[in-house]
Amino acid sequence: MSTTEQTRPATGALRHVRMLIDGKRVDAVSGQVLTVENPGRRTPIATIPRGAAEDVDRAVQAAHRAFPGWSRTVPRQRGRLLLRIAEALEARIEELARTVAEETGNAIRTQARPEATLVADIFRYFGGLAGELKGETIPLGEHVLSYTRREPLGVVGAIIPWNAPVLLGALKMTAALCAGNTLVLKAAEDAPLGVLLVAEVCQEFLPPGVLNVLTGLGEEAGGPLAEHPIVRKLSFTGSTEVGKIIMRAAAERIVPVSLELGGKSPAIVYQDADEDWVVDGVIAGMRFTRQSQSCTAGSRLFLHQDIFDSFLDKLTKKTTALKLGDPLDEATDIGSIINEKQFRKVCGYVDEGLHRKDARLVFGGLPPADGPLSKGYFAIPTVFADTSNDWRLAREEIFGPVLVAIPWKDEEDAIRMANDSHYGLAAYVWTHEIGSALRTAHAIESGWVQVNQGLGQSLGHSYGGYKQSGIGREFSLEGMLDSFTQRKNVTVNLNTPRRG
């Protein structure tokens with residue numbers, strides 16, 4: 001994505017999509033804009049406001065004014081509004097899917113449309129949970145009534161990335177609003193259009209100021225949001241490096257923080273699992289059809305040495321059959337990398353792998369310099385075979401379709417290598433032997449382990465990371481309660497002397 005110091009373009013130029021602050025569509029106070037690019041074609045498609053500290057303050061103040069009324073709204077009424085939003089989003093799934101495919105480069109059939117569909121389901125799920133904001137009673141004796149209340153925190157500041165923007169935006173919106181908070185959400189500058197469309201639908205039903213969506217650069221808008229003195233909670237999804245910055249900002253004011261950060265997820269395949277359905281699951285778990293731009297991508301493939309070559313043969317045949325191309329083409333399986341910076345980063349990792357003496361290129365490599373794929377940021381799915389878990393490609397989050405396959409012989413060694421990472425978000429285990437599967441799943445240091453499946457997250461399951469992959473949970477009732485409410489205890493003496 002490119003930025004510009006220019007003010008908003010004249011009518012007839014690129015379409016211009018404004019931010020949402022206090023129920024109104026607004027531009028940045030400065031008048032400056034950013035350009036959103038279609039990464040599959042490397043062409044500009046829209047401009048957005050280049051929000052900064054003054055815009056952040058406007059949004060936070062609006063959310064602060066809206067909080068008393070929204071927090072006192074009966075929870076089930078808040079839930080009913082979310083359910084109405086879900087129905088309205090359902091009617092616009094195709095529009096939302098095309099918007100996401102165009103701005104992210106994610107293929108519309110395999111990624112953008114399922115994501116848009118899930119957004120409506122997220123609003124429906126959390127709308128149904130509004131009646132579950134329950135407290136507890138504590139049995140301290142017949143002379144005392146002691147109970148807890150789940151209360152909202154206040155203004156929540158949330159920041160999301162570009163890889164699954166409307167899904168991640170919906171998770172922040174629904175959990176925060178269901179719990180009675182108001183929200184200021186900073187969208188990723190590379191993929192804000194789908195989030196702004198969701199916000200447009202929400203604003204048809206919500207009071208002004210309850211939901212505010214900002215656009216702008218991280219250091220110019222995200223930083224001031226994280227540091228704003230009125231914000232009472234920070235929720236961030238993105239890289240571990242930026243997560244540390246968010247956590248430091250939260251520490252300055254002692255505000256709670258939820259962080260869903262990076263990953264370098266292991267996939268362990270046992271010798272009894274050299275089968276096509278496992279290969280399909282490894283491809284799904286690697287998120288190849290999202291260009292592996294996913295923090296849960298199973299990018300470290302630990303294959304038992306007895307099936308190492310035969311499994312890679314099957315993986316080669318199936319992965320190379322996937323179609324790479326225009327994200328808006330229904331025949332496309334794999335779309336494009338989000339922007340030039342990320343594209344060059346991925347290519348840099350591939351080039352390093354090609355020059356490593358101990359690594360063998362199984363398939364893939366650098367993208368073509370000419371032809372249709374050269375017109376966009378298309379990275380070719382690539383697999384390297386190596387014996388080491390210690391080199392950069394096996395340790396760093398590439399956020400692109402580059403997988404490292406490593407052989408193992410002993411189960412303990414496979415688990416040791418799987419855990420030899422500062423990340424701990426997701427993991428995958430493949431075997432017919434249930435004892436081995438559960439023993440390994442319990443030993444792996446990750447917040448989410450899948451056995452014999454490589455699916456994405458499901459509503460209702462507790463999703464979050466260990467170690468430097470994050471703090472807190474999402475996608476679930478417990479995630480909403482832990483992340484977006486605070487518990488108050490009220491203790492009443494029932495033996496108060498009677499008057500008179």
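# Pockets, cavities and helix packing

Q: What is the volume of the second largest pocket?
A: This is a predicted model, in which local features need pLDDT of at least 70, side-chain atom pairs count only at pLDDT 80 or more, and totals for chains, interfaces and linings use all residues. Residues are numbered from 1 along each chain as its sequence is written, and side-chain values use heavy atoms, without hydrogens and water. On a 1 Å grid over the protein atoms alone, a pocket is an open set of points with protein on both sides within 12 Å along at least five of seven lines, and a cavity is a set where a 1.4 Å probe fits but cannot get out. The space filled by probe spheres set on the points gives the second largest pocket a volume of about 460 Å³.

Q: Which element gives the most to the lining of the second largest pocket?
A: The lining (residues with an atom within 4 Å of a point) has 18 residues, and Thr110, Gln111, Arg290, Leu455 and Gly456 are the closest to the pocket's centre. By class, seven lining residues are nonpolar, eight polar and three charged. The most, six residues, come from helix 4.

Q: How are helix 4 and helix 5 oriented to each other?
A: Helix 4 covers residues 108–128 and helix 5 covers residues 165–178; helices are DSSP runs of H or I with at least four residues, and strands are runs of E with at least two. The axes of helix 4 and helix 5 lie 9 Å apart, at an angle of about 10 degrees. Angles under 35 degrees count as roughly parallel. Helix 4 and helix 5 are therefore roughly parallel.

Q: How many residues in the contact of helix 4 with helix 5 are nonpolar?
A: Contact means heavy atoms within 4.5 Å. Helix 4 brings Glu115, Leu118, Val119, Ile122, Phe123 and Phe126 to the contact, while the residues from helix 5 include Pro165, Val166, Leu167 and Cys178. One residue of the contact is polar and one is charged, and the number of nonpolar residues is 13.

Q: Which helix supplies the largest share of the lining of the second largest cavity?
A: The second largest cavity holds about 60 Å³ of space. Its lining includes Phe126, Leu171 and Ala175, along with Arg473 and Glu474. Helix 5 and helix 15 (477–484) each supply at least two lining residues. The largest share, three residues, is from helix 15.

Q: Which residues are closest to the centre of the largest cavity?
A: There are four cavities of 30 Å³ or more, and the largest cavity has about 70 Å³ of space. The lining of the largest cavity divides into five nonpolar, six polar and two charged residues. Of its 13 lining residues, the closest to the centre are Ser292, Ala297, Ser299, Ile398 and Phe399.

Q: What is the phi of Lys467 near?
A: Lys467 is in the loop between strand 20 (448–451) and strand 21 (470–471). At 37% relative accessibility, Lys467 counts as partly exposed. Its phi is positive, in a residue other than glycine, and is near 50 degrees.

How values were computed
Axes fitted to C-alpha atoms, helices over the stretch in contact; angles between N-to-C directions. Parallel < 35°, antiparallel > 145°, perpendicular 65-115°, else oblique. Nonpolar A, V, L, I, M, F, W, Y, C, P; charged D, E, K, R; others polar. Buried < 20%, exposed > 50% of the residue type's maximum accessible area, 1.4 Å probe, protein only.
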